[in-house]
Structure formats: C-alpha cells, structure tokens
Amino acid sequence: GGGCSPTRASPTESPAVREAKVWRKECARALMRLWKHKEAWPFMEPVDPVALQVPTYFEIIKRPMDLGTIKTKLQNCTYSEAPQFAADMRLVFSNAMTFNPKDHWVHAFAVNLRNLFENTWIESTLRIERKKMDILHL
C-alpha cells in the first residue's frame with residue numbers, strides 16, 4: 001500500500017521518501033527480531049478474553065496492542081513516523097505487565113521482550129540517524 005514497501009531507493013526519489021523507507025525498514029527489522037524470539041508467541045495476536053478466560057481484560061487494558069497488529073500497521077503504512085511504531089511496541093509489553101502479576105510467566109516474557117526491543121531500538125535509531133545524514137549529504 002501507498003508505495004511504502006522498503007524497496008531499494010531510486011535516484012529520483014525525494015529525500016523525504018527515501019528517509020521514510022529507511023525508518024520503515026528499521027521498524028520491520030526490529031519487529032522481526034522480536035517475532036522470532038521463543039517467548040514472543042503470546043504477543044502475536046490480539047488478546048481474546050473469552051478464549052483466555054480473562055473477562056476483565058478490556059476493563060483493565062484500555063489500548064490493546066499486539067505484534068500481529070503492528071505488523072499489519074507497518075505493511076499498511078499506518079505509521080507516519082518511527083516513534084509511533086516504537087510506542088505501539090512498548091504498549092504490547094506494558095499491557096502484559098499491567099495485566100499479569102509480576103510472578104506470572106507472561107509478565108516475565110514481556111519484560112524480556114521489552115528489554116530486547118529497547119536494545120534493538122537503540123541500534124535501529126542510530127542506523128536511521130546515520131542514513132538520514134547520508135540522504136541529506138551531511
């Protein structure tokens with residue numbers, strides 16, 4: 001959708017278009033790094049309160065988010081900047097940590113993945129900034 005696939009940059013593209021491709025590619029890379037993690041499976045789809053027998057979920061969690069939804073939003077160009085993606089990623093894990101007590105395995109998985117994301121995102125942000133400098137010839 002909307003010409004936002006992270007394809008190879010062409011010389012005729014504006015710096016803004018090239019920059020957008022750079023950060024979208026980095027978002028996709030960060031998402032896949034977490035997606036492949038052995039503890040990521042509980043976060044891949046929206047929480048189903050009926051199936052999981054957690055009827056109070058939507059009373060406690062006002063803004064549900066999951067990795068599958070983030071993947072779709074990236075593919076559909078819903079994000080207009082990288083920090084929106086990062087905020088959704090953090091929301092996945094903060095929701096899990098809010099809903100599940102500290103001694104619950106889902107809480108522990110969320111902490112591990114959040115830490116992996118934060119470390120990955122530092123690297124991604126540095127790459128985005130470096131490539132932005134290249135694009136702007138600074």
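In which helix is Y57 found? In this predicted model, in which local features need pLDDT of at least 70, side-chain atom pairs count only at pLDDT 80 or more, and totals for chains, interfaces and linings use all residues, Y57 is found in helix α2. Residues are numbered from 1 along each chain as its sequence is written, and side-chain values use heavy atoms, with hydrogens and water left out.

The protein has 5 helices and 0 strands, where helices (H or I, at least four residues) and strands (E, at least two) are DSSP runs numbered from the N terminus. Along the sequence, the pattern reads α-α-α-α-α. The C-alpha trace spans about 55 × 30 × 25 Å along its principal axes. Of the 138 residues, 38% count as buried; buried means under 20% relative accessible area, exposed means over 50%, and partly exposed lies in between, with a 1.4 Å probe and protein chains only. Among the contacts in the protein with a separation of 6 or more, 67% involve residues 24 or more positions apart, a contact being defined by heavy atoms within 4.5 Å.

The surroundings of Y57 illustrate such contacts. At 6% relative accessibility, Y57 counts as buried. When its neighbours within four places in sequence are left aside, Y57 is in contact with V47, P49, N95 and F99. The C-alpha atoms of Y57 and V47 are separated by 8.2 Å, and the two residues are 10 residues apart along the chain.

The packing of the helices is considered next. Two packed helices are described by the angle between their axes and the distance between the axes. Axes are lines fitted to C-alpha atoms, for helices over the stretch in contact, and angles run from 0 to 180 degrees between N-to-C directions. Helix α1 (residues 15–35) packs with helix α4 (residues 82–99) at an angle of about 15°, and their axes are 9 Å apart. Helices α1 and α4 are therefore roughly parallel to each other; angles under 35 degrees count as roughly parallel, over 145 as roughly antiparallel, 65 to 115 as roughly perpendicular and the rest as oblique. The crossing of α1 and α4 is right-handed, a crossing being right-handed if the near helix is turned clockwise from the far one by less than a right angle, and left-handed if anticlockwise. In this contact, W23, C27, A30, L31 and L34 of α1 meet A82, F85, M89 and F93 of α4. By class, the contact of α1 with α4 has 9 nonpolar, no polar and no charged residues; Ala, Val, Leu, Ile, Met, Phe, Trp, Tyr, Cys and Pro count as nonpolar, Asp, Glu, Lys and Arg as charged, and the others, Gly among them, as polar.

Helix α1 also packs with α5. The axes of α1 and α5 come within 9 Å and cross at roughly 160°, which makes α1 roughly antiparallel to α5. The crossing of α1 and α5 is right-handed. The residues of the contact of α1 with α5 divide into 12 nonpolar, 2 polar and 9 charged. Among the residues of α1 in this contact are A30 and R33, and among those of α5 is T120. T120, in helix α5 (residues 105–135), counts as buried at 3% relative accessibility. Not counting residues up to four places away in sequence, T120 touches A30 and R33.

Aromatic rings were then examined. A search of the whole structure finds 9 aromatic pairs; rings of Phe, Tyr and Trp (its six-membered ring) pair if their centres lie within 6.5 Å, and planes under 30 degrees apart count as stacked, over 60 as edge-to-face and the rest as tilted. The rings of F43 and F93 have centres 5.6 Å apart and planes at 80°, so this pair is edge-to-face. F43 lies in the loop between α1 and α2 (57–60) and F93 in helix α4, so the pair ties together parts that are 50 residues apart in sequence. F43 counts as buried at 5% relative accessibility, and F93 is buried with a relative accessible area of 0%. One aromatic cluster is formed by Y79, F85, F117 and W121.

Two loop residues have positive phi values. Q53, a residue other than glycine, has a phi near 55°. Q53 is found in the loop between α1 and α2 and counts as exposed at 67% relative accessibility. C77, although not a glycine, has a positive phi of about 60°. C77 is placed in the loop between α3 (67–75) and α4 and counts as partly exposed at 21% relative accessibility.
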